[in-house]
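Subject: Structure handover and notes

Dear colleague,

Here is the structure we spoke of, followed by my notes on what was found in it. Please read the notes with the coordinates open beside them.

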Amino acid sequence: MKIVPGRIGVPFLSRRRDTGSATPPPQLQTERSPNADDGGAAVRASSPNGDAGMRAIEPHAETRGSEHTSAAVYTNACSPLPIGVGGRHSHARARRPWRKLLYIKQDYPDDYVDDTFLMELQKNTNVRMYDYSTIVMQTSVVTQHISSIMVFIAVFINLYSSSLTGQLLLWSSSVSTVLGFILWDLLNMYLRTPEQRIIRLKLIKGAILFALLLFGLSPILRTLTEDTSSDTIWAMTVIFFCVNLAFHDYSTGNLTNIRFPGSVSLNAAILASVLLASQLDQLDSNLSVFAFLAFALEWFGLFPIFRRYLKRISAAASMAMAVLLALIAAVMFMFISRAVALLHLFGTLFITFVCPLWLIWVQRYKNEIHGPWDEARPIVHRYYNY
C-alpha cells in the first residue's frame with residue numbers, strides 16, 4: 001500500500017500488485033463536478049486497461065485536519081445514487097404532497113386524511129328558513145282536502161238517512177261542475193292556450209263516458225256487498241279514506257292529468273265510494289247509487305284539479321276556499337254530530353295556525369352537514385311532453 005500524491009495535493013491510497021512488473025499509476029485528470037456545490041472537485045482516473053471511473057474529492061476540512069478528510073467514491077459513473085461513508089444515502093427522496101385523486105398511486109395510506117379535510121365542512125347549506133305567514137298559506141291545501149272528505153261523508157250520511165234525495169244530489173253536483181268550468185274559463189281568459197282547451201275537452205269527454213258507465217253498472221254496484229257485514233264495510237271505508245288522505249297530490253304543478261301517487265289516492269277514494277254506494281241498497285233506487293258515484297267522481301277527480309289551479313293563481317283565493325270548505329263541513333256535521341263538527345273546526349285551526357309555529361320551532365334544532373365525504377350526485381335533466 002503506497003500513498004500517491006495527486007496534482008491537487010490530495011493524498012490517495014494506491015495498491016500495488018506484487019507481480020514483479022510495476023504498474024504505472026493512473027493518470028489523473030481534474031474536472032469540475034457539475035453537482036458539486038461545496039467546492040469539491042471530481043477527478044477522472046484512466047487506467048491502461050481502458051476502464052474509467054469517477055472519484056469525487058472533497059476539500060480539506062480546516063477545523064479537523066487532513067487525517068479526517070473523507071472522500072465519496074463513485075463506483076460506477078452511471079450510478080444516479082451517491083453512496084457516502086457507511087453505505088447510507090446522502091439524500092432522501094422528497095415526499096410529494098397528497099392529492100385528492102383516486103386514479104393515481106400516492107405514498108399515503110388509503111385512509112389518509114389531510115389537514116384541510118374539515119375546511120370544506122358546510123353546515124345547513126340546504127336548510128330553508130320558513131316564514132310563518134307563508135306556511136299558513138301553504139297549509140290550505142291540506143285543510144281543503146280534509147274538509148272535502150268530511151263534506152263527502154256528510155253527503156253520504158244524509159243520503160243514507162233519506163234526508164237527501166238522489167235526484168237533488170245529481171242536479172246539484174252537475175250544476176256545480178258546470179259552474180266550476182265556467183269559473184275556470186273566467187280565471188284563465190287571458191292565459192288560456194289552444195292546448196289547454198283541447199285538454200279540457202278531453203277531460204269533459206272522459207267524465208261523460210265514465211258517468212254513462214256508472215249509470216249502466218249502478219244495479220250491480222248497489223248489490224255488490226250485500227253478503228258482507230256492515231262493520232267490515234265501515235272499517236274498509238275508513239282505511240281507504242286514510243289512504244286517500246296520505247297519498248293525495250298536494251302539489252300545485254299538475255293540472256292536466258293524475259300521476260303517482262295521486263292515482264293511488266283517487267283509486268282509494270273511488271273504492272271507498274263504491275263500498276258506501278253498496279250500502280244504499282235499502283233505498284231500492286239505482287238513481288241514488290248513480291248520483292252518489294257521479295258526485296264522488298266529480299268531487300275526487302275534478303275538484304282537486306280546480307283547487308290546485310286556484311292555488312297557483314292566488315294564495316289568498318286558495319285560503320278563502322279552505323275557509324269555505326271548513327265552514328260547509330262544520331255546518332253539515334252540526335246536524336249529524338256536534339262533537340265531530342267541533343273536532344273538525346279545532347283540527348283545522350290547529351293545522352293552519354299551530355303546526356306552522358311548531359315547524360319553525362323545531363327548525364332551530366336541525367343540523368345538516370356536507371363535506372368532501374359526500375358522494376357525487378349526477379344532475380339529470382328530464383323533459384316531459386304533455
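At 52% relative accessibility, Ser 162 counts as exposed, where exposed means over 50% relative accessible area, buried under 20% and partly exposed in between, with a 1.4 Å probe and protein chains only. Ser 162 lies in the loop between H2 and H3, and it has a positive phi of about 65 degrees although it is not a glycine. Helices (H or I, at least four residues) and strands (E, at least two) are DSSP runs, numbered from the N terminus.

Before going further, please note that this is a predicted model, in which local features need pLDDT of at least 70 and side-chain atom pairs count only at pLDDT 80 or more, whereas totals for chains, interfaces and linings use all residues. Residues are numbered from 1 along each chain as its sequence is written, and side-chain values use heavy atoms, with hydrogens and water left out.

As for the chain as a whole, the protein has nine helices and eight strands, and buried residues make up 28% of its 386 residues. Of the contacts (heavy atoms within 4.5 Å) with a separation of 6 or more, 62% are between residues 24 or more positions apart.

Leaving out residues up to four places away in sequence, Leu 293 touches Leu 214, Leu 221, Ser 273, Val 274 and Ala 277.

Also in H7 is Ser 288, which counts as buried because its relative accessibility is 8%. The C-alpha atoms of Ser 288 and Gly 166 are separated by 4.1 Å, although the two residues are 122 apart along the chain.

Two helix pairs involve H5 (residues 230–246), and for both the axes are lines fitted to C-alpha atoms over the stretch in contact, with angles running from 0 to 180 degrees between N-to-C directions. The axes of H2 and H5 come within 11 Å and cross at roughly 155 degrees, so the two helices are roughly antiparallel (over 145 degrees; under 35 is roughly parallel, 65 to 115 roughly perpendicular and the rest oblique). In this pair, residues including Phe 152 and Phe 156 of H2 meet Trp 234, Phe 241, Asn 244 and Leu 245 of H5.

The axes of H5 and H6 come within 8 Å and cross at roughly 160 degrees, and this pair is therefore roughly antiparallel as well. Among the residues that make the contact are Ile 233, Trp 234 and Phe 241 of H5, together with Val 264, Leu 271 and Leu 275 of H6.

Finally, Gln 279 is placed in the loop between H6 and H7 and is buried, with a relative accessible area of 8%. Apart from neighbours within four places in sequence, Gln 279 is in contact with Phe 156, Tyr 160, Thr 225, Ser 230, Ile 233 and Trp 234.
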